[in-house]
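The report below was prepared for a reader who wishes to go through selected local features of a model one after another. The sequence and the structure come before the text.

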Amino acid sequence: MAYNIKDIAKIAGVSVSTVSKIINNYSDISEDTKTRVQRIIKETGYTPSNSAKTLATKSSNLIGVIFAGMLNVDFTHPFFIEVLNSFKKQMGLLGYDLIFFSNEKFQSGDTNDYLARCLHFNVDGCLLITGQELETSISELDNSSIPCIGVDLKLSGDNSGYIMSDNFKLSTKVVEHFYLLGYRELGYIGSSSESEISNIRESGFRKALEDLGLPINENWFLNGSNFFEASGYETMRRMIANGNLPRAIFAASDQLAIGAMRALKESAIAVPSTVAIIGCDDIEACNYTTPLLTTIKQNKDKIGRLAALMLYDLINNQSGTSSFSVEPELIIRESCGAPERGLV
């Protein structure tokens, strides 16, 4: 016979909440009652369910993870999956499990929303990972009582915070590096114009060009449809078709850069001797491209751990609304042309 918490309470002659408190080691229960209930649990072989454990504590020890946006990055994005792995490990050390929420029903017209599902599963907090074309339900969740942390997604609710790389500054680092290498004709390949992150990186890139007095050729500033390789490939093909390529290009992600390099290779345009390229994220594939891809590193492990600790503090009322910007780092490899110029 499989026993549940109601069976244990009935056998022991106590309430369900008393059994739950004993399971959760509350101190306001007499030793006689505690001993009797623990003996019954042992004799019956009853294993407390998660709901039994949370009945007294009001805590599920569950963290909701949401890949936000109608166009989201999901599990195929190498940058965010590394951030998520780091987040998972840190939350595990803090005693939490993760539960993932999909948004496919939104796209089919279902009226269910993130907040309702988070309340249904009694999550203690949520991690929101940025996407494009954000659902209105993201704002509802952000402004709810559920603690939330956004990654590359600015949240403004009273119980929310966010963490991101300094996307404006990382573009400045790219322009400065190109400038030191002697390049003056610079271009940019971004994600969709709907992407706030891509737009910030482009804004930082343009501002750095203006500060250095460098020309801005609008034919060299193109957006794709997303941050992935196919988009970089198609966008670079469009730029090639326009003719008169820039001397160096900053791609808003490493995958965009890798796609662009493939398009250049197919057109017999050498990287970096004809067109130099720098990507962004420092994903593992950067170590295996030909030439090796120079990139702006975002500290994925640090972002994941900080997101976990910030969310933990919000859940436990150890801090208020917070935001944190992680310093980007230029990782110089071959695609920018630095080795042949003796700068590595």
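What follows treats salt bridges, a helix pair, selected residues and backbone features in turn.

**Salt bridges**

The model is a predicted one, and its structure holds 10 salt bridges. In general, side chains of opposite charge can pair when their charged atoms come close.

| Glutamate 43 | Arginine 39 | 3.4 Å |

Glutamate 43 is exposed, with a relative accessible area of 58%, whereas arginine 39 is partly exposed at 42%.

A like spacing is found in helix α10, where lysine 207 and aspartate 211 are 4 residues apart and therefore separated by about one helical turn. Of these two partners, lysine 207 counts as partly exposed, with a relative accessibility of 36%, while aspartate 211 counts as exposed, with 55%.

Glutamate 218 has a relative accessibility of 47% and so counts as partly exposed.

**The packing of α1 and α3**

Two packed helices are described by the angle between their axes and the distance between the axes. Helix α1, made up of residues 5-12, packs with α3 at an angle of about 125 degrees, and the two axes are 10 Å apart. An angle of that size makes α1 oblique to α3, and the crossing of the two helices is right-handed.

Which residues meet where α1 and α3 come together? From α1 the residues are Ile8, Ile11 and Ala12, and from α3 they are Arg36, Val37, Ile40, Ile41 and Thr44. Sorted by class, this contact has 6 nonpolar, 1 polar and 1 charged residues.

**Two residues and their surroundings**

Is glutamine 90 buried or exposed? With a relative accessible area of 15%, glutamine 90 is buried, because the cut-off for that class is under 20%. Glutamine 90 lies in helix α5, residues 78-93, and, leaving aside residues up to four places away in sequence, glutamine 90 touches Arg305, Ala308 and Leu309.

Serine 156, by contrast, counts as exposed, at 62% relative accessibility, and its place is in the loop between β6 (148-151) and β7 (160-165). Although serine 156 and serine 323 are 167 residues apart along the chain, their C-alpha atoms are separated by 9.6 Å.

**Backbone features**

Most residues other than glycine have a negative phi, and most peptide bonds are trans.

The peptide bond that joins valine 271 and proline 272 is cis, with an omega of about 10 degrees, and proline 272 is found in the loop between α12 (254-266) and β11 (276-281). The bond from threonine 290 to proline 291 is cis as well, with omega near -5 degrees, and proline 291 is found in the loop between β11 and β12 (294-297).

That loop between β11 and β12 is also the place of aspartate 282, which has a positive phi of about 60 degrees although it is not a glycine. Aspartate 282 counts as buried, at 13% relative accessibility. A positive phi, near 55 degrees, is likewise found at aspartate 152, which lies in the loop between β6 and β7. With a relative accessible area of 5%, aspartate 152 is buried.

Conventions:
Residues are numbered from 1 along each chain as its sequence is written. This is a predicted model: local features need pLDDT of at least 70, side-chain atom pairs count only at pLDDT 80 or more; totals for chains, interfaces and linings use all residues. Side-chain values use heavy atoms; hydrogens and water are left out. A salt bridge is a side-chain nitrogen of Lys or Arg within 4 Å of a carboxyl oxygen of Asp or Glu. Buried means under 20% relative accessible area, exposed over 50%, partly exposed in between (1.4 Å probe, protein chains only). Axes are lines fitted to C-alpha atoms, for helices over the stretch in contact, and angles run from 0 to 180 degrees between N-to-C directions. Angles under 35 degrees count as roughly parallel, over 145 as roughly antiparallel, 65 to 115 as roughly perpendicular and the rest as oblique. A crossing is left-handed if the near helix is turned anticlockwise from the far one by less than a right angle, and right-handed if clockwise. Contact means heavy atoms within 4.5 Å. Ala, Val, Leu, Ile, Met, Phe, Trp, Tyr, Cys and Pro count as nonpolar, Asp, Glu, Lys and Arg as charged, and the others, Gly among them, as polar.
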